[in-house]
Amino acid sequence: FTSSRCWIPKVSCFCLFLAFKMPAYHSSLQAPNSIGNMALLPINTKFKGPAPPGDGNNDIIDEAIYFFKANVFFKSYEIKSPADRVLIYLTLYISECLKKLQRCQSKVDGKKEMHSLAIANFTLPGDNGFPLNAMYQKPASKAEADSMRAYLTQLRQELGQRIIEAVFDPQTDKPSKWWMCFVKRKFMDKSLSAPGQ
């Protein structure tokens with residue numbers, strides 16, 4: 001693909017629903033290292049964290065945003081690589097972002113919401129409330145838990161910054177309906193937030 005910021009033609013959500021007939025998209029990325037059983041992937045970002053610096057090519061955040069509108073329809077997902085676990089987490093996190101952004105009246109408001117959401121307390125694999133404990137390895141030590149939290153925070157911060165650019169219509173300074181129509185969709189029928197949030 002060419003860019004996560006410029007995804008697909010503006011077609012109806014009904015047409016996108018037909019995506020369930022196609023196989024889910026998987027990450028094409030690989031990494032020599034991991035945290036838990038998630039790949040420690042390079043990221044093109046200025047946010048600090050344990051991820052190696054990206055080389056300017058498409059990274060896992062580009063993949064997550066680019067594939068979101070197709071993958072979000074799937075109720076199950078076969079993990080084919082450690083990078084897929086990062087893709088799953090980011091897909092679920094995009095859904096959390098959209099819930100927040102639907103209430104924002106401007107891009108400036110959206111940036112504030114994304115910053116707050118990125119650094120808010122969140123569960124890790126092995127914690128009560130983490131939605132995919134069967135698929136993710138619990139940190140083996142406090143040091144690994146700290147590294148995992150730092151990695152996920154770094155991913156959340158960078159994704160939040162990029163999703164703002166994808167979601168907000170520059171002509172209206174409002175969230176695009178072509179993103180907001182996915183707010184109620186739940187990838188794998190899971191959510192990173194507690195019920196009712």
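The structure holds seven aromatic pairs. Rings of Phe, Tyr and Trp (its six-membered ring) pair if their centres lie within 6.5 Å. One of these pairs joins Phe-68 and Trp-179. The ring centres are 5.9 Å apart and the planes stand at 20°, so the pair is stacked (planes under 30 degrees apart; over 60 is edge-to-face, and the rest are tilted). Phe-68 lies in helix H2 and Trp-179 in helix H6 (residues 177-180), so the pair ties together parts 111 residues apart in sequence.

This is a predicted model: local features need pLDDT of at least 70, side-chain atom pairs count only at pLDDT 80 or more, and totals for chains, interfaces and linings use all residues. Residues are numbered from 1 along each chain as its sequence is written, and side-chain values use heavy atoms, without hydrogens and water.

Phe-68 also takes part in the contact of H2 with H3. Helices are DSSP runs (H or I, at least four residues), numbered from the N terminus. Contact means heavy atoms within 4.5 Å.

| Helix | Residues | Among those in contact |
|---|---|---|
| H2 | 60-71 | Ile-61, Ile-65, Phe-68 |
| H3 | 82-101 | Val-86, Leu-90, Ile-94 |

The contact residues divide into eleven nonpolar, three polar and one charged. The two helices pack at about 65°, with axes 9 Å apart. H2 and H3 are therefore roughly perpendicular (65 to 115 degrees).

How confident is the predictor? The protein chain averages a pLDDT (confidence in each residue, from 0 to 100) of 90, and 87% of the residues score at least 70. Over residues 2-20 the pLDDT is below 50.

Definitions and conventions: Axes fitted to C-alpha atoms, helices over the stretch in contact; angles between N-to-C directions. Parallel < 35°, antiparallel > 145°, perpendicular 65-115°, else oblique. Nonpolar A, V, L, I, M, F, W, Y, C, P; charged D, E, K, R; others polar. pLDDT = per-residue confidence, 0-100.
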